[in-house]
Amino acid sequence: MTEPIIRLKNIHKRYGDTEVLKGINIELEEGKFYTLLGPSGCGKTTILRIIAGFTDATEGDVLFDGQRINDLPANKRKVNTVFQDYALFPHMNVNENVAFGLRMQNQLSKAEIKTRVQDALASVQLQGYGERAISELSGGQQQRVAIARAIVLKPRMLLLDEPLSALDAKLRRDMQYELRDLQQSLGITFLFVTHDQEEALAMSDDIFVMNTGLVLQSGTPVDIYDEPINHFVADFIGESNILSGTMIKDYEVEFVGKQFECADAGMKPNEPVEVVLRPEDLDITTPEQGKLTVTIDSQLFRGDYHEIVAYDEDQNEWLIHSTNPAVAGQKVGLTFEPYDIHVMRLHESEEEFDARLEKYEDGEEAHT
Ligand SMILES: Nc1ncnc2c1ncn2[C@@H]1O[C@H](COP(=O)(O)OP(=O)(O)OP(=O)(O)O)[C@@H](O)[C@H]1O
């Protein structure tokens with residue numbers, strides 16, 4: 001691994017008696033798209049503010065290129081922030097907004113500033129908008145000006161605090177592609193904050209899933225989706241069926257009173273666990289051919305699939321995504337493959353989880 005551009009070491013943040021960050025350790029490499037993902041109030045913005053220098057950590061170190069920057073003022077840090085509400089100056093036009101930071105630095109000639117502003121506006125596809133007043137722009141255009149204003153300063157890192165939350169669904173989707181392309185073409189590190197799991201999965205190289213002041217799991221979108229560390233992550237990322245179970249032995253788990261082959265190992269014999277099955281991994285078949293039997297309760301057509309709710313004999317709810325509609329009241333069988341079952345220990349740290357996955361990777365391949 002290359003030397004990280006940002007390293008947060010054991011960051012704590014307290015407001016009075018309330019600890020809002022409880023020991024954050026993260027490393028961000030140059031040129032990657034990272035996302036802090038978690039519910040409202042979990043501490044995402046506080047992490048951005050600590051990296052940007054707007055708030056001090058109560059405890060812990062912030063390193064930039066290996067140097068401690070806890071005491072470096074915000075304007076001396078090579079990071080810029082795009083805020084949720086854009087924070088544009090309403091009395092300045094687009095050019096003036098974008099040029100503002102460069103003017104304040106007092107280092108470049110007027111001609112150089114003009115070129116830099118034009119380049120920044122071109123990279124967010126706003127050529128020709130320089131003379132417009134901010135009030136004459138749509139929400140999406142204002143959002144682009146805010147990004148141009150940040151990147152014109154050529155930061156090593158861009159911090160983005162829920163920048164798409166004010167946009168409608170279609171524009172938001174378009175901007176997801178644009179931001180991803182922009183990050184790749186600029187090659188600078190992005191740290192993006194969102195509570196929208198789909199957005200995080202779509203855009204990120206790596207995600208940090210947070211809850212109540214802690215990072216619960218970090219990894220690629222695929223890793224986190226396929227191998228959530230615990231109930232919270234499984235529930236927060238995508239849709240899940242989560243059931244209580246018992247790990248009988250390596251590669252054999254019991255839930256809803258039946259034993260199933262699975263791809264997980266490294267737990268104690270008969271250890272209580274939780275089991276995740278994603279709705280799209282369940283197939284409906286006849287009760288005779290199914291690994292378990294459920295009764296269809298209700299369904300909604302979601303466009304590209306039918307979302308079906310069913311109950312097993314123990315009254316566990318099952319969410320199933322199927323290309324075919326189901327019939328309410330009908331008894332059907334459910335099938336799934338051993339590798340569709342994901343078994344989670346009840347209290348496993350991320351280090352233990354990663355070590356176990358690495359140790360049993362070969363065995364897992366044999367069982368998939
Ligand atoms: N200046 C402050 N004084 C006291 N408490 C604060 C202050 N700033 C933030 N907090 C609290 O710290 C916690 C974390 O806030 P933060 O803004 O980092 O969360 P978040 O994950 O970004 O949430 P959201 O998605 O709603 O923006 C919240 O409980 C918030 O109320």
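**Helix packing and an open sheet in a predicted model**

Q: At what angle do helix H2 and helix H3 pack, and how do they stand to each other?
A: Helix H2 (residues 94–105) and helix H3 (residues 110–123) pack with their axes 10 Å apart, at an angle of about 120 degrees. Helices (H or I, at least four residues) and strands (E, at least two) are DSSP runs, numbered from the N terminus, while axes are lines fitted to C-alpha atoms, for helices over the stretch in contact, and angles run from 0 to 180 degrees between N-to-C directions. Angles under 35 degrees count as roughly parallel, over 145 as roughly antiparallel, 65 to 115 as roughly perpendicular and the rest as oblique. H2 and H3 are therefore oblique to each other.

Q: How far can this model be read, and how are its residues numbered?
A: This is a predicted model, in which local features need pLDDT of at least 70 and side-chain atom pairs count only at pLDDT 80 or more, while totals for chains, interfaces and linings use all residues. Side-chain values use heavy atoms, with hydrogens and water left out, and residues are numbered from 1 along each chain as its sequence is written.

Q: Which strands stand at the edges of the open sheet?
A: The open sheet has five strands in the order S15-S19-S16-S17-S18, with antiparallel pairing, where two strands pair if DSSP finds at least two bridges between them. Each edge strand has a single partner strand, so one side of each is left without a neighbour in the sheet; these are S15 (283–285) and S18 (317–322).

Q: Which residue in S18 is the bridge partner of Ala310?
A: Strand S17 (residues 306–312) runs antiparallel to S18, and six bridges join them. In S18, the partner of Ala310 is Trp318.
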